[in-house]
Amino acid sequence: MCGISGIISNTSVSRRLLDSIQNLEYRGYDSCGMAVINSHGPIVRKNVGHVAEVAEKELFTSLDGHVGIAHTRWATHGGVTPVNAHPHTSCDGTIAVVHNGIISNYGELKARLMKKGHIFRSETDTEVIPHLIEEYRKGGLPLERAFVAALNELDGSFAVAMVAAEEPWGIFCGKHESPLIIGLGQNENYLGSDFNAFIEYTKNAVVMEDGEYAIITHESYAVKRMSNGEPVNKQVMPIEWDAEMSKKGGFPHYMLKEIHEQPRTVIKALAIDENAIINLARRMIEARRANVTGVGTTYYVAQLGQYYLASEAGVSAPAVSADEFLEGSAFGPEDFILAVSQSGETYDTLRVLREAKRRKTRTAAMVNVIGSTMARLVDDVVMQGSGPEICVISTKAALAQMIILIRIAIEAGVLTGRITPADRKQKIKQLEALPDIISGFLNEYSGFVHTLAQRTAHHHNWLYLGRGRYYPIALEAALKVKEVAYLHAEGMPAGFLKHGTIALIDEKLKSLVFVPTEKEEELYNMTMSSIEEIKARGGSVTAFHSSRTLQRSKLLDDQLMLPAAPPLVAPLVSLIAAQLYSYFAAVTLGKNVDKPRALAKSVTVA
Ligand code: F6R
């Protein structure tokens, strides 16, 4: 999604503004731009394409000035064109604005402003903002009041930053339902839609809340309420991530780096305070109805959680995709909703949580981004501590969330009396063994996965099948290969196949089956039946499994033998294999791994 950056300094800012939006590229974008204030007012440069290319073409770094804002745009209103890229300016060009979010009443504002003679150049919703500010200025309001009056007219979601010729020493900004964070440096201050915008320069941040605006100079910042202009006392928050964590560290892509970081991610997830985990387990049990929600990958994480909560603890906590939650679920003050989100900013998930707040439903969230909207909105938050996930495709953050949900399920099992203290110890030990299993797998099996991908990635149609806990894994694995390698893969319960979809089986449709361990005898046998059914219809089966018997079976056309792992964690090993497969499939097919088409890192729009 769009990224905002701003720097106010007493030295030139354009070079660092460029670095800053490059650090925001991972959020997903299609065009970018910059406005730097000099003695003539804001000078705007913008275009479509990759930041580096646009920067070169538009000579970003030749802009000279001490105050500037920059933007990466992910198109929502209006096509991907140079003129739709941000910043947008007022008619007289003295006010330049960048915006993240969607202004739902822009149509009527635009019509009103056009009637008053404002000339619009773009098709964006954003452009109403500079014109609205200009209109209030013409009406006699001083700049600060004109800025706030304009923001108060906007419906929808926004994080806005403005520079203006008449007050060239600072940046004005404000937000509602889209993130905005101020960074505090030495003789210079920063603005960003997330920490990555300025993490190279400072680790001190001030997180803005909805309904707040701020005026930032190189040596001060003042946060005030949009409703009445009263000052707000803000806490300075230290950022625990460092810039090094956001670098590739020798890996060709962030996705591969982040897959390899997973042993560490698991260790971090296991180090989360036990009391926080028990607290969530208790909430699950005590609620009249409990649901887990997320969207995309985090919905599949939630689904995996549902399976573990049911099987380990006898707790029913159906996973509901956040984008459909409000339309398909009933909930009230006695219920509990646990949201899962890497970014903590996802529109669909926030929509559920905001409505839950309104209905006085108890909420909790598991998030990775410190200071994110979700982290601040819910009653209880668990920070998963996975470190920055830069690749748009979620890997390590999802695994950490799965570990945390398994921990919640185990603690819920203890609370419901299904799991004895001795069993609990055993299960925690199995989780603790996972980092070594993952490291071993990544070191020893990567080559096999790579060869498998080279052999099979040219097949465009796949069924990804799994039973029980392997079903959400199949779903998530299918999403991975769709979003990064653009292969069509339909995730499905293996048992569901025979109820219709089996009609599609032929020699062209490939099936990837996630086979449970032989220890899970019933599930294993049922999955084998599905494989037999596919083979009987002339289908082709690739299996991810850890079974010595299956290794020798003539049923498989292709296979990846996984390291042995206890049933509690074996599905997670299959997932890591699938992440790696998707990665190598994308590389084999020459795709843009870290910035796949159409997907953004935090999806903040409806
Ligand atoms: C998949 C992916 C998306 C996100 C989804 C939710 O790799 O990245 O499907 O999982 O947009 O995002 P968060 O977790 O930030 O709420």
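At what angle do helix α13 and helix α18 pack, and how far apart are their axes? I began there. The model is predicted, so I note that local features need pLDDT of at least 70, side-chain atom pairs count only at pLDDT 80 or more, and totals for chains, interfaces and linings use all residues. Residues are numbered from 1 along each chain as its sequence is written, and side-chain values use heavy atoms, with hydrogens and water left out.

Entry 1, the helix pair. I found that α13 (residues 396-416) and α18 (residues 570-588) pack at about 170°, with axes 11 Å apart. Helices here are DSSP runs of H or I with at least four residues, strands are runs of E with at least two, and both are numbered from the N terminus. Axes are lines fitted to C-alpha atoms, for helices over the stretch in contact, and angles run from 0 to 180 degrees between N-to-C directions. The two helices are therefore roughly antiparallel (an angle over 145 degrees). I listed the contact (heavy atoms within 4.5 Å): Leu 399, Met 402, Ile 403 and Ile 406 from α13 meet Leu 572, Leu 575 and Ile 576 from α18. By class, I read 7 nonpolar, no polar and no charged residues there. Nonpolar means Ala, Val, Leu, Ile, Met, Phe, Trp, Tyr, Cys and Pro; charged means Asp, Glu, Lys and Arg; the others, including Gly, are polar.

Entry 2, the ligand. I looked up the 14 residues around the ligand, and Ser 341, Gln 342, Ser 343, Thr 346 and Glu 483 come nearest (a residue is near if one of its heavy atoms lies within 4 Å). By class, this shell has 4 nonpolar, 8 polar and 2 charged residues. Helices α9 (297-313) and α15 (470-485) each supply at least two of the shell residues.

I noted a cis peptide bond between His 86 and Pro 87, with omega about 0°. Pro 87 sits in the loop between β4 (67-73) and β5 (88-89). Asn 187, not a glycine, has a positive phi near 60°, and its place is the loop between β9 (181-184) and β10 (189-192).

Technical notes
Angles under 35 degrees count as roughly parallel, over 145 as roughly antiparallel, 65 to 115 as roughly perpendicular and the rest as oblique.
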